[in-house]
Amino acid sequence: VGVFYRPLEKIAAVIETYPRGIAGFRRYQELLATEPEISDAPDAVEAPALRGDIRFENVGFSYDAGRPILDGIDLTVKAGETVAFVGPSGAGKTTLLALLPRFYEPTAGRITVDGLPLPALRLNSLRRQIGLVSQDVFLFGGTLRENIGYGRLGATDDEIRQAAARAQLTQMIEGLPDGLDTVVGERGVMLSGGQKQRVAIARAFLKNPPILILDEATSALDSQTEREIQQALDALAVGRTTLVIAHRLGTIRNAHRIVVMQAGRIAEIGSHADLIAKGGIYAGLAA
Ligand code: ATP
C-alpha cells in the first residue's frame, strides 16, 4: 500500500502546505527533494477563478522511461461533474489524478482546465483551486482548530466550527477534553482514519475549491462512520468538479460517470446503469 499511496500523500502535502508561506515552502522543497521540481514557465499566468472543466487529451505518462503507466487517456469532465475512477491496484488511478495538480508532468498529450493548458498557469494559483480529501491527510502537532483552519488561513472561529459541522465532526469535538483546543497529532490525541478523513473534509469546506480530488478511505470504517463520511462527501462535492479514486464499488453509484481503468488505459466509461447494462468489466466487478 505504501508505494501506491506515495504520490497522493505528496499531492496532499504539497497542496496543503504550499499556502503556508516560507515554512510551507520549505516543507514543499523537502518533499520534492527527490523529484524533479516543476517550476513556472516565465510566461505562466495567474489562474482565473476556475469553473472546473477538465480535459485529458491523449495523456501518457511513465515514471521510468520504457514502462508506460498511462497511455492514451482521453477524458472530458464537465464543471460540477462527479467522476469515479475504479480498477485494479496499479491501474494508474492515483497517478492520473496526480497529474492534475502537476505533481508529475504528462510524458505525452496535455491536460487543460477551462481550456487552459496546465503549464500556462502559475502552479500556486492552480493548486489553490484544487482540494484534496484523503485519509492520509497531513496533520501537524497543534490544536484541532489549527488543523482544520489550515484549509484557509485567516478563517474565523465561526467558519471553522461551521466547516467542522459540515464534515460531521461536531460530535467528536464535543467528546474531546478541550474541544477544538485539543492538541492532536503525535504529541496529542491520535485521530482515527475516519476522523482524519473528516478533518480533511472540513479543510476542504473551508478552502472551497472548484476542483476536488477524493481518495476514498481504504481502511475499514464501521458502517455508521462510513455513512456519515459519505454524506459529508456528497455535500462537499455539490457544485464542484469531483474526481474520486474509488477503492470500493458501493460508494460510487451516485457518481455521474464511472471510469474503469486497466493497465493505464480507460477500459470502460459510463454511468453505473450504463456499465451494468453493458455487461463488461464493471458489471463483472459489481456482480
Ligand atoms: P491503487 O488502487 O493500488 O491505489 P492505482 O490504480 O492508483 O492503484 P497507481 O498508484 O497510479 O495505481 O500506480 C500505477 C503504477 O505506477 C503501479 O505499477 C505503481 O507501481 C507505479 N508507481 C506508482 N508510483 C510510482 C513512483 N513514484 N515511481 C515509480 N512507479 C510508481
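Q: Why are H8 and H9 called roughly parallel to each other?
A: This is a predicted model, in which local features need pLDDT of at least 70, side-chain atom pairs count only at pLDDT 80 or more, and totals for chains, interfaces and linings use all residues. Residues are numbered from 1 along each chain as its sequence is written. The axes of helix H8 (residues 193–207) and helix H9 (residues 223–237) cross at roughly 15° and come within 11 Å. Angles under 35 degrees count as roughly parallel, over 145 as roughly antiparallel, 65 to 115 as roughly perpendicular and the rest as oblique. H8 and H9 are therefore roughly parallel.

Q: What makes residues of H8 and H9 count as meeting?
A: Two residues are in contact if their C-beta atoms, placed from the backbone, lie within 7 Å. In H8, Gly-194, Gln-197, Arg-198, Ile-201, Ala-204 and Phe-205 meet residues of H9, namely Thr-225, Ile-229, Ala-232, Leu-233 and Leu-236. The residues of this contact divide into 7 nonpolar, 3 polar and 1 charged. Here Ala, Val, Leu, Ile, Met, Phe, Trp, Tyr, Cys and Pro count as nonpolar, Asp, Glu, Lys and Arg as charged, and the others, Gly among them, as polar.

Q: Why is Thr-242 counted as buried?
A: A residue is buried if 20 or more other C-beta atoms lie within 10 Å of its own, exposed if 12 or fewer, and partly exposed in between. Thr-242 has 25 C-beta neighbours inside 10 Å, and therefore counts as buried. Thr-242 has its place in strand S10. Leaving aside residues up to four places away in sequence, Thr-242 touches Thr-82, Leu-212, Leu-214 and Ala-237.

Q: What makes strand S3 and strand S10 a pair?
A: Two strands pair if DSSP finds at least two bridges between them. Strand S3 (residues 82–86) and strand S10 (residues 241–245) have 4 bridges and run in the parallel sense. Val-83 stands opposite Leu-243 in S10.

Q: Why do S6 and S12 stand at the edges of the sheet?
A: The open sheet has 6 strands in the order S6-S9-S10-S3-S11-S12, with mixed pairing. Strand S6 (130–133) and strand S12 (265–270) each have a single partner strand, so one side of each is left without a neighbour in the sheet. From one strand to the next, the twist averages 20°.

Conventions. Axes are lines fitted to C-alpha atoms, for helices over the stretch in contact, and angles run from 0 to 180 degrees between N-to-C directions. Helices (H or I, at least four residues) and strands (E, at least two) are DSSP runs, numbered from the N terminus.
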